[in-house]
Amino acid sequence: VVKLQMITLTSDFGLRDSYVAQMKGTILSINPKATIVDITHEVEKFNIRMGAFMLSSAAPFFPKYTVHLAVIDPGVGTERRAIVIQTKQTFFVGPDNGVLMLAAKNQGIEHIYQLANSNFRLPKVFNTFHGRDIFAPVAAYLDSGIVPSEFGLEITEVVEPQFVSVNSKYDLLTGEILHIDSFGNLITNITLQEASFANTVNVKLLNQKLTLPFCKTYGQAQPGQAIALVGSHGFLEIAVNQGNASDKFRIKPGDIIEVVFRV
Amino acid sequence: VVKLQMITLTSDFGLRDSYVAQMKGTILSINPKATIVDITHEVEKFNIRMGAFMLSSAAPFFPKYTVHLAVIDPGVGTERRAIVIQTKQTFFVGPDNGVLMLAAKNQGIEHIYQLANSNFRLPKVFNTFHGRDIFAPVAAYLDSGIVPSEFGLEITEVVEPQFVSVNSKYDLLTGEILHIDSFGNLITNITLQEASFANTVNVKLLNQKLTLPFCKTYGQAQPGQAIALVGSHGFLEIAVNQGNASDKFRIKPGDIIEVVFRV
Amino acid sequence: VVKLQMITLTSDFGLRDSYVAQMKGTILSINPKATIVDITHEVEKFNIRMGAFMLSSAAPFFPKYTVHLAVIDPGVGTERRAIVIQTKQTFFVGPDNGVLMLAAKNQGIEHIYQLANSNFRLPKVFNTFHGRDIFAPVAAYLDSGIVPSEFGLEITEVVEPQFVSVNSKYDLLTGEILHIDSFGNLITNITLQEASFANTVNVKLLNQKLTLPFCKTYGQAQPGQAIALVGSHGFLEIAVNQGNASDKFRIKPGDIIEVVFRV
């Protein structure tokens, strides 16, 4: 018998309000032994892509059978469905708006169920806070051993996130800035498999053409020097050693990056 | 025998300093098995009302016998008393300045004791940090089964918070903005029992007269549209779907709201 | 047999990204029963001094055998060494750049080992994230009972932080602002042993000469009044009751403070 006991939380609720604590109290009331770990609650409000990126960057480091709950939910209380995804390794719980899909697909999706069984909800469901009233109880029950088919019917068609993919044409790769972390590092959607580099990389960011040293780590450069490297996410990253690349180049998430791919 | 093992923390200490960690270390040194959950540490500095609202919004979702510790304590080290409140469900520990009373009254207060027994403190008590040196040890001892009468004498008169109550006159309800959450939603102190509405609500916010659709959830409106609804706290709320009502109407906590109550 | 089960985390990663969660997932995958407590993740980027101060302010309040992991690591992936320090009470894990030394020296250093054994790392080590790939596994293995000499050879010379010490000349003490907390309190590096005061203290902050009442706690002063006191860290502190001393006097960390020491 497998004993599931770990739950992660990802949301855009922030840490100033008590919304996250309301979810944790709900989980611990159902399953007092659950170990709850925050991935982040500082996802930009309603930014499904950033939530999907955060969840997919952290989920691989958690134990098998962890339950991952993600609530970036601009459509809360509308017709959008609530789902649980069972993968080869673990479970993902949240709204059917794409926020779970990046992480779930990486692990291999096995089954998806709609959350419809009102036995696994708080007695009164508010239309504005399914995170607490529907998703948190489901995560807690999953974590205490309830099988996912108990929550509702299996479904096959779900919302897929439309994140920009990388285009390659001649010697040029065109991708985008997926995320800017709190160090100001520009994390692109270009993976190492797509581009391997020699000592330097030629990059175009907005109108700025740059030739950057291709480094193994930040500290290989002088303080203040801009570099390219493959970050710990496995993606091409533009960084400034002990500085802030986002400020230096005035780049924001979603901006286009062009990289010359030396064949 | 009941085994108490859950402690929540509410404070205005923020997460940048190590004050919260100092409290957690103190608790875990006394009771290594305690499960500690943060409600929030981002209460505005010295804002007892905001602390009281945060605690009362989250406490109902935690298991029976949880110990709730709240430290918004502008009078730390002065004559203000330190107390533990026993309710029908749980315990509240903190300064006697009103911060505990909203949540405690909702649960039904049974006994209040002054914290005076120096056996349940850190060996050296600093005048500036009773959160760590007095309150955290009391919470940890309560959580490990010490009965509250061990801490000091029972008292009956405590400081009551002076939060504005709702006035109704003719067809007009006059309340106030209790809190603005990180989504910019304006949470009033008007409960659903006090005002039930048809399809629209007439509201006056500062000098702005508004007729708002009365919705069940945010997503029922167009993005950017202002609405009224009963939020997950059970209070009347003014919101902007996928936007920020506080910015739109330039409203801050404590501002007056008038609502036309259709009889 | 001692069962180690507690790990603290200190970093400059912030709570917006998923870096902290990636470390926690890594720890819990190795040691699912570990209790993980955040000291702070809001250390100013690359500010080793602030990290050292945060760790040393919180570590004394944690139980014996706690493992303290600190990752302020501007030299990640370069030649700088990774170390574990064994003190009389506990373990410290992190880069050899001084961030661990303030806290470790306070407890009495017994042994220092270099982290070299690749059996106690994630299978793939990224040059940019040793916090997750090297330090988190070591903390988890220490916490599950692996002895520190398993990780690598004992070393004796490590990097010592160069924090300004207090100078006294005639009746003048010259120190510096070690840290400004989120209340705006100016925490100096002058300890009570170095200066004991009567009712008032004469202080020079930048060009401002001040005569401040020497208080036992903030609430002894009027709201808005500036005072001097010995804070809960044991250091001389300049504060404004219910106000912000950093804003009032325009002081930042590292600024010099002169105090007239009445003999």
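How are helix 1 of chain A and helix 4 of chain A oriented to each other? Here are some friendly notes on that and on the chain contacts.

1. Some ground rules come before the answer. This is a predicted model, in which local features need pLDDT of at least 70, side-chain atom pairs count only at pLDDT 80 or more, and totals for chains, interfaces and linings use all residues. Residues are numbered from 1 along each chain as its sequence is written, chains are lettered from A and ligands numbered from 1 in the order in which they are written, and side-chain values use heavy atoms, with hydrogens and water left out.

2. In chain A, the axes of helix 1 (residues 19-30) and helix 4 (residues 130-143) come within 8 Å and cross at roughly 40°. Axes are lines fitted to C-alpha atoms, for helices over the stretch in contact, with angles from 0 to 180 degrees between N-to-C directions. Helices (H or I, at least four residues) and strands (E, at least two) are DSSP runs, numbered from the N terminus. The two helices are therefore oblique to each other; angles under 35 degrees count as roughly parallel, over 145 as roughly antiparallel, 65 to 115 as roughly perpendicular and the rest as oblique.

3. On the helix 1 side of chain A, A:Gln22, A:Met23, A:Thr26, A:Ile27 and A:Ile30 meet residues of helix 4 that include A:Ala136, A:Pro137 and A:Tyr141. Contact here means heavy atoms within 4.5 Å.

4. Chain C has its own pair to look at: the axes of its helix 1 (residues 19-30) and helix 4 (residues 130-143) come within 8 Å, crossing at roughly 40°. That makes helix 1 of chain C oblique to helix 4 of chain C.

5. Turning to the interfaces, 27 residues of chain A touch 35 residues of chain B, while 35 residues of chain A touch 27 residues of chain C. Between chain A and chain C about 2,500 Å² is buried, 62% of it from carbon and sulfur atoms; buried area is the accessible area (1.4 Å probe) that two parts lose on being put together, summed over both. A:Phe61, A:Phe183 and A:Ser232 supply 27% of what chain A buries against chain C, more than any other three residues.

6. Over all chains the count comes to 21.

7. One salt bridge joins A:Arg49 and A:Glu176, with the closest N and O atoms 2.1 Å apart. A:Arg49 lies in helix 2 (residues 48-58) of chain A and A:Glu176 in strand 8 (residues 172-180) of chain A, so the pair ties together parts 127 residues apart in sequence.

Notes: Salt bridge = Lys/Arg side-chain N within 4 Å of Asp/Glu carboxyl O.
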